[in-house]
Amino acid sequence: MNNLTTPVKFMEARIETVSLRVTRFALCCCWALFLTALPGRAQSPASEQKTITLEELQQMALQNNPTFRQSAANIQAAEGRKRQSGSYPNPTVGYQGEQIRGGSFHGGEQGFFVQLDIVLGGKLGLNRQIFDQELKQAETEAEEQKLRIVTNVRMSYTQALAAQQALKLRQDLSKLADDGVETSHQLANVGQADAPDVLESEVEEQQAQLAVTMAEQNRQRVWKALAAVVGNPQLPLMNLEGKLEDTPPVNADELVEKIVNESPAVRIAELGVKRAEAALARAKRESIPDLQLRGGMQQNGELLSNGRAVGLQGFADVGVKIPIFDRNQGNIAAAKADAERAKREVERVKLVLRERAASVVQNYAFSQTAVDRYKNQMIPRAQKAYEMYIKKYQQMAAAYPQVLIAQRTLMQLEVSYITALESFATSSLSLQSYLLTDGLEAPSQPGGMDKPVREVNIPFQMSANPQ
């Protein structure tokens, strides 16, 4: 009897071993798909959605973004002010009458006059110089605003592309987690997995599903921000072309010097100095009096000795204001102070740009290092460890939780790699675009106390994908 029972038990154990090997082999095949689902290897978007390019979005933004038209309106307004500032004063035409009733002499003088002020000292030309600088400021503001819009679209595009790739990775990982739960139940049925192993795989599945939900919401958020910048809030969600890895490295220190010396904000401040100097020159000429001319014709009804009226006669007045008390001293002093302030504004703008560039440079340098470490060191090692655990598990030399831990580590590194690539790309864009990143910031109107560098002119905070 024992001799018969032994072969049966041996056959049952043999069947269980074969079933276990088949189950493990199926699990390893499913997890092997993970290696092809990584962001560096799966860049193509899903085929069910339309695809839109960066160039199309930029063209859409330049057509629909209201701030671009605001800057064009500022140019038109500045042109109007320049034209108006050089206009000659209008003449005055009126009626003049004296001793209209005349009394016993039957007199009275009635007629018309023309009065004109002749502007001297070149004051009209200086007015045009002031508003010519304002026009140049408005034109520079328009260039700056265009750069803001284009940069904002490119940064939002990069963030949307990162969100798209992160979602694809999360979806692939969720499918692998589902397969892991199914395999865990199969291993538990043959006695090769304990209840904690099954529960842990189910927790991994729930976490993966939650991560997919968060990635979907993050993609929706980034897309809505992109749609707002391009001026089309109803723009449907589309897939994007491109790779985050295509961002070329830049020389951050050289870009900072370029920002300080060539930024539109600096040029606007320098034009502000020229405007203030023109206003000072105009204030100094204000004390030169204008020539006041007045002349006309009138009918004089006073009777002469021969009994006839005097008749038609002319008159003329010429005068100037003598600058004895008011020589425009106060306005000249104020104009000098404004000119000094404008010069210091150039210095302030350059220092502000250096201050704000410092954090961007730091973020760029760190993200560049992180991208290199993730790509060339951490991910390859984690991937090798993951493959080794799969092989050991297939050979029944490693426990199932070890495979889960290796899988989770590799997954977290891949998601962090996408975040680092996004931060690297957006930092590079910010430095290359003079830190002008807000495409919905209204362009400031030139003239007066213009502030070329706004307090809200800060590069976007690099939003991380949900971990």
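How many helices and strands does the secondary structure of the protein comprise? The secondary structure comes to nine helices and six strands; helices (H or I, at least four residues) and strands (E, at least two) are DSSP runs, numbered from the N terminus. This is a predicted model, in which local features need pLDDT of at least 70 and side-chain atom pairs count only at pLDDT 80 or more, while totals for chains, interfaces and linings use all residues. Residues are numbered from 1 along each chain as its sequence is written, and side-chain values use heavy atoms, with hydrogens and water left out.

**Figure 1. The protein as a whole.** Of the 467 residues in the protein, 43% are buried, where buried means under 20% relative accessible area, exposed over 50%, and partly exposed in between (1.4 Å probe, protein chains only). The protein exposes about 25,100 Å², and carbon and sulfur atoms supply 54% of this area. Accessible areas come from the Shrake-Rupley method with a 1.4 Å probe; for residues, only the protein chains shown count as cover. Among contacts (heavy atoms within 4.5 Å) between residues at least 6 apart in sequence, 83% join residues at least 24 apart.

**Figure 2. Helices α4 and α5.** Two packed helices are described by the angle between their axes and the distance between the axes. Helix α4 (residues 123-189) and helix α5 (residues 195-229) pack at an angle of about 165°, with their axes 8 Å apart. Axes are lines fitted to C-alpha atoms, for helices over the stretch in contact, and angles run from 0 to 180 degrees between N-to-C directions. Helices α4 and α5 are therefore roughly antiparallel to each other; angles under 35 degrees count as roughly parallel, over 145 as roughly antiparallel, 65 to 115 as roughly perpendicular and the rest as oblique. By class, the contact of α4 with α5 has 18 nonpolar, twelve polar and eight charged residues. Here Ala, Val, Leu, Ile, Met, Phe, Trp, Tyr, Cys and Pro count as nonpolar, Asp, Glu, Lys and Arg as charged, and the others, Gly among them, as polar.

**Figure 3. Ser174 in helix α4.** Ser174 lies in helix α4 and is buried, with a relative accessible area of 10%. Leaving aside neighbours within four places in sequence, Ser174 is in contact with Ala208, Gln209 and Val212.

**Figure 4. Helix α6 against helix α8.** The axes of helix α6 (residues 252-262) and helix α8 (residues 329-394) come within 10 Å and cross at roughly 155°. Helices α6 and α8 are therefore roughly antiparallel to each other. In α6, Ala252, Val256, Glu257, Ile259 and Val260 meet Lys350, Leu353, Arg354, Ala357, Val361 and Tyr364 in α8. The residues of this contact divide into eight nonpolar, no polar and three charged.

**Figure 5. Helix α6 against helix α7.** The axes of α6 and helix α7 (residues 264-285) come within 5 Å and cross at roughly 25°, and the two helices are therefore roughly parallel to each other. Ile259, Val260, Asn261 and Glu262 in α6 meet Pro264, Val266 and Arg267 in α7.

**Figure 6. Leu431 in helix α9.** Leu431 lies in helix α9 (residues 400-432) and is buried, with a relative accessible area of 1%. Not counting residues up to four places away in sequence, Leu431 touches Ala252, Leu255, Ile259, Val360, Val361 and Tyr364. Leu431 and Val256 are 175 residues apart in sequence and 7.1 Å apart in space, C-alpha to C-alpha.
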